[in-house]
Amino acid sequence: MNTMHRKQTMRTAILFRPGNVRFKKVKVPEPTTNQVRVRLEGCGICGSNLASWEGRPWFKYPFEPAAPGHEGWGEVDSIGEHVTHCKVGDRVAILSHHAFA
């Protein structure tokens, strides 16, 4: 696996309850053979995220770490062994369901 930095933990946002975000250190995930890991620099706020922030009776809180963010950008810092479409150091924009990390 090609890795640019070897940080053991990262900060992630957790939507603890409507209107309340807390931060937690979690283990940095390793990409599988067909995945890339992106060191995020930012994440947009999509209109679809507003309902979870405001609170609806069908949501379960707290959310998973880094959810729901999905409009992220940053730099590829690790790639799986079968990844051929990008390399470590590439700047990318991503669609993910855990981009608030």
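This is a predicted model: local features need pLDDT of at least 70, side-chain atom pairs count only at pLDDT 80 or more; totals for chains, interfaces and linings use all residues.

I number residues from 1 along each chain as its sequence is written, and side-chain values use heavy atoms, with hydrogens and water left out.

Ring pairs. I pair rings of Phe, Tyr and Trp (its six-membered ring) if their centres lie within 6.5 Å; planes under 30 degrees apart are stacked, over 60 edge-to-face, and the rest tilted. That rule gives me 4 aromatic pairs. One of them is Trp58 with Phe59, tilted, at 5.9 Å centre to centre and 50° between the planes. Tyr61 and Phe63 make a tilted pair too, with 5.1 Å between centres and 45° between planes. Ring pairs join Trp58, Phe59, Tyr61 and Phe63 into a cluster.

Exposure. I call a residue buried under 20% relative accessible area, exposed over 50%, and partly exposed in between (1.4 Å probe, protein chains only). Trp58 has 61%, so I log it as exposed. Phe59 is partly exposed at 26%, and Tyr61 is partly exposed at 24%. Phe63 has 15%, so it goes down as buried.

Charges over rings. My test is NZ of Lys or CZ of Arg within 6 Å of the ring centre and within 35 degrees of the ring normal. The charged end of Arg11 sits over the Phe23 ring, 4.6 Å from its centre. Arg22 has its charged end over the ring of Phe16, 3.5 Å from the centre.
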